[in-house]
Amino acid sequence: MHVLKLAASLFALFFLLPLGVATLLYQRTGVGADWWSADRSSIGHLPPASQAPAAVVRVFAAPTVRWRGIFAVHCWLVLKPEGAAAYTRYDYTAWGDPIRVNGFAPDGRWFGRHPELVFAADGAAAAAMIPRMQAAIEGYTWRNRGDYRAWPGPNSNTFVAAVLAAVPEAAVSLPPTAVGKDFPHDGRWLRRTPSGTGLALSLGGYAGLTLGWVEGIELNILGAVAGLDLRRPALKLPGLGRLGLPGMPAGAAS
C-alpha cells in the first residue's frame, strides 16, 4: 500500500502537476487558436542559401497546433548539402503524403509559434551526416498515406527520431515534449537510443523507459515523458520540457 501511495504521489508530482501548469500557461497566452491565419514566416535564423555555401543540418521544434501545444511539440528537419542553392525542409504531417518537402519556410514559425533550435551542424560535420539522413528519409517505413497517427505514433517526432538514429554522432536528444519520439519506428521495442549511448524500451509508444548518456533517464507514460538529464543537468517534465541547461550547448551552430 505504501508503494502504491508513493507511486501515485510521484505520478502527480512529475506528470499531472507539470501538465496542469502547462495548461494554465497556454490559457494565459491563448496562442494557436486561429491556426488558419497564423504566422508561418521565417524567424531569420538561416541566412539565404546563396550566402552560406557550407553544408547545413538543423532540427527545429515548436509547440504544435491549438490545444495540443499544451503538451506536444512538432519537430522538423532542414538539410542543405554543400553548395546547394536552397535549403530542404522535411516535415511529417497528417495530410497528403506524410513526408512533406518544403511545405513551409525552413526556419518558419509553426502556425504562429516560435521554433526552438534543437540541433545544428555546419560544414564538414553536416556534410558527413546528410547522405545518411537522406537515405533514412528515403527508406522510412511509415511513408504512405494513412500511416500518420498523432498518438502514440508514428507522427512528426517519430520521423525525426528515426532520421537522427542514422547519425548517432549528432548526439542529440529530442525534447521531452516531442510526443511520439519513442514510438518503435523500426518495429523493435528494445533498441539502442538514437545517439547510440544507451537503450530504449518502448511498449508500442504507450509506455517506455530510456537510459542513455545523451538522452538521460526518461520514463514514458502514455506519451508524456518525465526524466533527468545527467550530461547537461536538467529536469524533463511533460508539457514544460527541460528545466535546467539547454539540450544543445550555446554556440553549437557556429
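1. How many aromatic pairs does the structure hold? There are 13 of them. Keep in mind as you look around that this is a predicted model.

2. Start with F104 and F111. Their ring centres are 6.1 Å apart and their planes meet at 65°, so we call the pair edge-to-face. F104 counts as buried, with 12% relative accessibility, and F111 is buried too, at 9%.

3. Now find Y140 and F159, another edge-to-face pair, with 5.2 Å from centre to centre and 80° between the planes. Y140 sits in the loop between α2 (123-138) and α3 (156-164), while F159 belongs to helix α3, so this pair ties together parts that lie 19 residues apart in sequence. Both Y140 and F159 are buried.

4. Go back to F104 and F111 for a moment: together with F60, W76 and W110 they make up one aromatic cluster. Elsewhere, R68 lies over the face of W67, 5.5 Å from the ring centre.

5. The largest holds about 50 Å³ of space, and its lining includes P152, F183 and V225. That lining splits into six nonpolar, four polar and two charged residues.

6. The second largest cavity has a volume of about 50 Å³. Strands β7 (198-202), β8 (207-212) and β9 (216-221) each give at least two residues to its lining, which divides into three nonpolar, four polar and three charged residues. Among the charged ones are D182 and R191.

Notes. Residues are numbered from 1 along each chain as its sequence is written. This is a predicted model: local features need pLDDT of at least 70, side-chain atom pairs count only at pLDDT 80 or more; totals for chains, interfaces and linings use all residues. Side-chain values use heavy atoms; hydrogens and water are left out. On a 1 Å grid over the protein atoms alone, a cavity is a set of points where a 1.4 Å probe fits but cannot get out, and a pocket is an open set with protein on both sides within 12 Å along at least five of seven lines; lining residues have an atom within 4 Å of a point. Grid points are joined across faces, edges and corners, and a volume is the space filled by probe spheres set on the points. Ala, Val, Leu, Ile, Met, Phe, Trp, Tyr, Cys and Pro count as nonpolar, Asp, Glu, Lys and Arg as charged, and the others, Gly among them, as polar. Helices (H or I, at least four residues) and strands (E, at least two) are DSSP runs, numbered from the N terminus. Rings of Phe, Tyr and Trp (its six-membered ring) pair if their centres lie within 6.5 Å; planes under 30 degrees apart count as stacked, over 60 as edge-to-face and the rest as tilted. Buried means under 20% relative accessible area, exposed over 50%, partly exposed in between (1.4 Å probe, protein chains only). A charge sits over a ring if NZ of Lys or CZ of Arg is within 6 Å of the ring centre and within 35 degrees of the ring normal.
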